[in-house]
Amino acid sequence: LNERRDSLLPQRQELPIWAAQNAIIKLVADHRVLVIVGETGCGKTTQIPQFLQNMFEKTKGAIACTQPRRVAAMSVARRVAEEMGTELGHKVGYSVRFDDMSSPSTLIKYLTDGMLLREALMDPLLKKYKVVIVDEAHERTVQTDVLLGLLKQVLDKRDCDFRLIVMSATLDAAKFVTYLGASTAAYVQGRSYPISLFYTATPEESYMDAAFCAIIQVHHDEPAGDILVFLSGSDEIESLDRLLRDRAPAHKAGSNNALQLYAVTIYASMPPEQQMKVFEPAPEDHRKVILATNIAETSITIQGVRYVIDTGVVKSRGHNAKLGLDSLQVVPVSQAQARQRSGRAGREAAGKAYRLYTERTFDDLEPTTVPEIQRSNLGSVMLQLKAMGIQDVLNFDFMDPPPRASVIRSLELLLGLGALDKEGKLTDEVGLLLSQLPVEPMFGKVLLASSLMGCCLEALQVVSMVSAENIFFFPREKQEQANAARVKFISREGDHLTLLNVFRAYLEVPRKDKSRWCSENFINARSMSKAVDIHEQLKARFTSLGLACTSCGNNLDPVRKALTAGLFYHAASLQTDGVYKVITSGQQVWLHPSSTLRGRAKPSCIVFSELVQTTKQYAREVTAIEKSWLPDLVPGIFSATSKITKG
Ligand code: ADP
Ligand code: MG
């Protein structure tokens, strides 16, 4: 450990932030709140917590450093543990949903902003911490925004022993300074080299095809240097990865250089043991291609990148408050994001950035990204605020308040779920429990209902599979085989029970055969092991809350009833024209192409996990239900609005 620590020291000393160490320490000593701005890669996330730990060595308490994404929290913690020459989980640790690698002796803790919010439920003044660092604040995730609001209150209530640092990669610090009442911001000069920008002459029909061609072309024509490719999500990344593995070798002939392509992937839902691969240098005589989501925009820094390929898209949560529906959409990036992406090419030397869209398209992009809180389902956030004793959520001091309609909708949902009473107070029997379960309120309610219906074991398995995401994969070139393999799992009742069948079958497979079993069945082995992991933890949490955990055996009707009890907000009934209509909103929805209910007689009533908007509004993960199972309050759910507004 010490050897590794010593070998990393010279690298650390080269970081731009190192030179600013004394200046930063002085500013922190003089100010309770400080905003620090510095280019991605300058060393903020890894170094500043260490500087502060040295500075406040004698003060009791730990340093929390929040990250919008779990992957970033885990990878940075691992790196910093190495830099400090300690075992991960001791002096340096991390804490993310479903995974806690910290201990009472942890001095520097990297955690997702969501986890710090959860800690604030138990400890509203965050007394455990002498310093809280809100990192990547420019990302403005919902959780970051809520956290900033809470920390403002903590600053009011705690003495001078508490320090708040907000770190951002963009120059737009003034807004944070004003909001937090900070008196100053520190700017750390980064390093950057010239970047040549290239656009396509005409719009590309498929950015996936264009990305593949661009990779091959750069690989052929350009001297050594790694390629970073921005895509929208894990499914695109996995499919491009497979394409590169299958096809790229064929393109090698005629290449200018003797390098081979070596592809690595990184996205938020990636299992921890896979993540670190992205930081390892490519094997000798190889050129690394990193296929990444916007996580590589600012959250993590990978060395060696000289070429950036930007598809110009990002997957973004959207929320239609009027309809009360969520969507997950692939949308164009903002100009600010596009600049961040290109910037990744010029960190260590001059670089090239290829934008797979026209310059005209770039000019038409939004200048900056709308904060997530203004386009999100706030159910979970409002539940947490209520659980922290914040009654008047409509007037909570947000940096950019969410639309009133969204707040009201989310309160209605919570009322419908029984988490709030008519006065807007958290209920003991539902609300309090839901706030302690690490899943969305709707799925939390599924679990609570299942406990009453005697099918908790099954419901926990379903919810774990839903949380793990991307269980099936559908290689375009092996569509038929994949479908054939899937048949044996299919439940006529829909996708949730199909997922349950997969989970049950997977448990039966001996450990040594699991990976082969997965590939034979076109099932994502990484997602499966994640589902098993989540299941363990959810089950433990559930039992610790004193809830009954029984199995319903082979009669799965109770499971569908429990799903209905939680997902009724996403219930839809079949119209005479063959299209579904969401009962609470009147919104038209279609069965998602991946649904097992496609291609057979349509059930008259369904519930679904989420809405995905691509060419149409698709209901994803669908279960057939009986209309009579729906709670009575569905049609009248919105009538209580005026009351909550006042409360
Ligand atoms: P910032 O937060 O300012 O973007 P970081 O502190 O995350 O910068 O990174 C500083 C440097 O540390 C990066 O340039 C990178 O080389 C290195 N680094 C960070 N995390 C890792 C990691 N997990 N593995 C290897 N190197 C890393
Ligand atoms: Mg950082």
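This briefing describes selected features of the structure above, grouped by topic. The structure is a predicted model. The UniProt annotation "domain: Helicase ATP-binding", from an unreviewed entry, covers residues 25–176. The shell around ligand 1 holds 17 residues, and the elements that give two or more residues to this shell are α4 (44–55) and α5 (70–84).

**The annotated region**

- Over residues 25–176, the span to which the UniProt record assigns its domain name, the chain is 41% helix and 24% strand.
- The end C-alpha atoms of residues 25–176 are 20 Å apart.

- K44, T45, T46, R79 and F279 come nearest to ligand 1 among the 17 residues around it.
- Two or more residues of the shell are supplied by each of α4 (44–55) and α5 (70–84).
- By class, the shell around ligand 1 comprises ten polar, four nonpolar and three charged residues.
- Helix α4 has twelve residues, and the distance from its first C-alpha to its last is 16 Å, close to the 16 Å expected at 1.5 Å a residue.
- The buried residues in α4 are K44, T45, T46, Q47, I48, P49, L52 and Q53; K44, T45 and T46 are also listed among the residues that come nearest to ligand 1.

- Strand β3 (residues 92–96) is largely enclosed by the rest of the structure, because five of its five residues are buried.
- In a regular strand, side chains alternate between the two faces of the sheet.
- Both faces of β3 are covered, with V92, Y94 and V96 buried on one side and G93 and S95 buried on the other.
- β3 runs parallel to strand β5 (residues 108–112), to which four bridges join it; within this pair, G93 stands opposite K109.
- β3 runs antiparallel to strand β4 (residues 99–101), with three bridges between them; here Y94 stands opposite M101.
- β3 and β4 form a hairpin with two residues between the strands, and F98 in the turn has a positive phi of about 70°.

**Residue Q143**

- Q143 lies in helix α7 (residues 142–157).
- Q143 has 23 other C-beta atoms within 10 Å; a residue needs 20 or more to count as buried, so Q143 is buried.
- When neighbours within four places in sequence are left aside, Q143 is in contact with D113, G114 and L117.
- Q143 and K539 are separated by 396 residues in sequence and by 25 Å in space, C-alpha to C-alpha.

**Helix α20**

- Helix α20 (residues 495–508) has 14 residues and should span 20 Å at 1.5 Å a residue, which agrees with the 20 Å between its end C-alpha atoms.
- The buried residues of α20 are D495, H496, L497, T498, L499, L500, V502, F503 and Y506.

**Strand β17 and its partners**

- Strand β17 (residues 571–574) pairs with strand β20 (residues 605–613) in the antiparallel sense, over three bridges; the bridge partner of A572 in β20 is I606.
- β17 also runs antiparallel to strand β18 (residues 580–582), joined by three bridges; S573 stands opposite K581 in β18.
- β17 and β18 form a hairpin with five residues between them, and G578 in the turn has a positive phi of about 85°.

- Most residues other than glycine have a negative phi.
- D285 has a positive phi, near 65°, and its place is in the loop between α11 (272–275) and β12 (286–292).
- D285 has 11 other C-beta atoms within 10 Å; the limit for an exposed residue is 12 or fewer, so D285 is exposed.
- E621 also has a positive phi, near 55°, and lies in strand β21.
- E621 counts as buried because it has 24 C-beta neighbours inside 10 Å.

Notes
Residues numbered from 1 in each chain as written. Chains lettered and ligands numbered in written order. Predicted model: local features only at pLDDT ≥ 70, side-chain atom pairs only at ≥ 80, totals over all residues. Near = placed C-beta within 6 Å. Nonpolar A, V, L, I, M, F, W, Y, C, P; charged D, E, K, R; others polar. Pairing = 2+ DSSP bridges. UniProt positions renumbered as here; feature names shortened; annotations may be inferred. Expected span 1.5 Å × (residues − 1). Contact = placed C-beta atoms within 7 Å.
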